Amino acid sequence: MTPPAPRYLPAGESALVVEFGQTIEPAIHDAVMALDAALAQAKLEGVRETVPTYRSLVIHFDPRRITTAALIEAVRRVEMEAPTRKPPTRWRIPACYDAPHAEDVGEIAAILGLPETRIVELHLSAVYRVYMYGFAPGYTFLGGLPEALTIPRRATPRAPAPPGSLLIAGGQALIASVAMPTGWYGVGRTPVRVFDPHRERVFLADIGDEITFERVDRSTFDALSRAAESGELVARRHAVGE
Amino acid sequence: MSDLAEPAVQDPAAPRLRVLRAGPCATIQDGGRFGYLRYGVTPAGPMDWAAFRTANLALDQDDNAAAIEISYGGFELLCEGAPTWIAFAGGGFSWRRDHAALPPATRVLLRPGDRLSAQAGSFGAWTYLAVEGGIETPPAMGSRATHVRSAMGGLDGRMLRAGDLLPARPTAKRDPAFFEAAIEAPWLEKNGRPLRVVLGPQDDYFTADGLAAFFCSEYRLTPSADRMAYRLDGPEIPHARGHDIVSDGIALGAIQIAGDRKPLILMADRQPTGGYPKLGHVIGADIGRLAQMRPGEACRFTAVSVAEARAALLDVEEDVAETPSRLHILRPALTSETLLGINLIDGFVDALKDPGPYLSGCDQ
């Protein structure tokens, strides 16, 4: 599929939004990530950092060194060079779906009219893609949740879900990195620390990486939690296509 | 991160600043935490960058060195151990060394036993206390900026409080090249001009009437104003296409209009991504003026082009860079008359009486 033609939208004098669409779709996100990779290679004058989201790439830049108009021209040239992207990493992430880590599975099952075991099977069946980070450091927003697990957000947020919570709502999935109040539902919990400022690899996954979950029981969860606490990644990785 | 947990080295002969009193929201800030926005890390940094840099430049040092950001809740500290140079700049705060009043932007030498205090004055919500060499708390992910919500940076990722000891460096400055000085910083003065806004990226999510309401009305800052966002109250700004968008990035000064149809402007502690339509961005040159508003104060907005916004930013940066050449020897006994004579702060300008030159698009 041809990548959609982007719109260039200023966000003040120090940021430029390159918007590829307004919906959540793999093709749109592919285009965002292709431009992100191309800009990382091109090292344009004045570009400070880029932030990929579901449907746009935000370029934060130093207006002393480049104007918005000049940046748009430079980005257009970079886009035409059609860079090659390195294949994303796929992470296998252990997840526990047993009490007390699966607190909302019963409620989700009741709302969706499915057996509890089916909720867990569905969550385990998908290959997720890291679409973006938001909310808080390491808060990982995933696409790829099976449609059968589409459930509206709670009307009012609830007490904070603990770090490592696997949450779903609005057709999306996420991994919580820190305890935050949320209107999302918890299906399980991973011992993996997607954000650990004391670890060499501070953030587990890059945007564009793929994630699958691997079921573990409570005693394995506890053992892996201790390993994660001492700085181990606990998640396993392999390049997609291997 | 190797730089995260190392304790600051404490030399017993080095100066220390002991916090005696800290109003809410006093934190350590440097230029901000950059390079990790894509991972959801908030940049933090100063609310009023021009004031923050002015304080550092008055000490002839890196304009992003870590300093203390003080809110209108006030602050008081005691110098211990050894002398150190400090400089402060910001809103029209009332500063005192022991019992002597100091101008709102000043550089002085603190000696052991000196008490320095700040309290809210004629205007403004934030002021900055820079310390010679910068405050050397341990950096987190490359920055000393405090972000309280993620408990990162500063002193244990939290606001400052009474009893805290802040390490400083033994002074390397010598008289007479370095003298106690009032900083003449007209760029920090209050003015009633409208805040300038670059439209987009989602200005097409609003009706023409909605945009007209925003640019032709007065908005008042509500008490819901902190380092993350300032909520304003005023005429509603109706959406043309609903208020939910798929998340995209957020830059400083983004004007979000959510379901309540009122502006929420994202400040230093903004999240790097978010999901409400953004009508526009308050430009970098004016973000400090917005930050310095107190709840209850009113403002107006006017649209400018990106080129105008860039030119305005470069102008302010040029002004701020002049700080070292705008230092005037501080008179030892400062009276209110001499303060007025220096004319550092003109005081209030009525926002309604002085709409400024930018309101061309509205029928007054």
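Which side chain does Glu103(A) meet in a salt bridge? Hold that thought for a minute, everyone. This is a predicted model, where local features need pLDDT of at least 70, side-chain atom pairs count only at pLDDT 80 or more, and totals for chains, interfaces and linings use all residues. Residues are numbered from 1 along each chain as its sequence is written, chains are lettered from A and ligands numbered from 1 in the order in which they are written, and side-chain values use heavy atoms, leaving out hydrogens and water.

Back to our question: the partner is Arg158(A), at 4.0 Å, N to O. By salt bridge I mean a side-chain nitrogen of Lys or Arg within 4 Å of a carboxyl oxygen of Asp or Glu. Glu103(A) sits in the loop between strand 5 and helix 3 of chain A, and Arg158(A) in strand 8, so the pair ties together parts 55 residues apart in sequence. Helices (H or I, at least four residues) and strands (E, at least two) are DSSP runs, numbered from the N terminus. Glu103(A) is exposed at 52% relative accessible area, while Arg158(A) is partly exposed at 30%. The cut-offs there are buried under 20%, exposed over 50% and partly exposed in between, with a 1.4 Å probe and protein chains only.

Over all chains, the search finds 43 salt bridges. One of them joins Asp226(B) and Arg149(B), with the closest N and O atoms 3.3 Å apart.

Now, the interface. Here 41 residues of chain B are in contact with 46 of chain A, contact being heavy atoms within 4.5 Å. The buried area is about 3300 Å², with 60% from carbon and sulfur atoms; that is the accessible area (1.4 Å probe) the two parts lose on being put together, summed over both. Arg38(B), Tyr39(B) and Val246(B) supply 23% of what chain B buries against chain A, more than any other three residues. Three salt bridges cross this interface, and Arg38(B) also meets Asp36(A) in a salt bridge at 2.6 Å, N to O.

Tyr39(B) turns up again in an aromatic cluster with Tyr133(A), Phe195(A), Phe203(A) and Tyr36(B). Rings of Phe, Tyr and Trp (its six-membered ring) pair if their centres lie within 6.5 Å; planes under 30 degrees apart are stacked, over 60 edge-to-face, and the rest tilted. There are 16 aromatic pairs over all chains. Trp85(B) and Phe178(B) have ring centres 4.9 Å apart and planes at 85°, so that pair is edge-to-face, and both residues are buried. Thanks, everyone!
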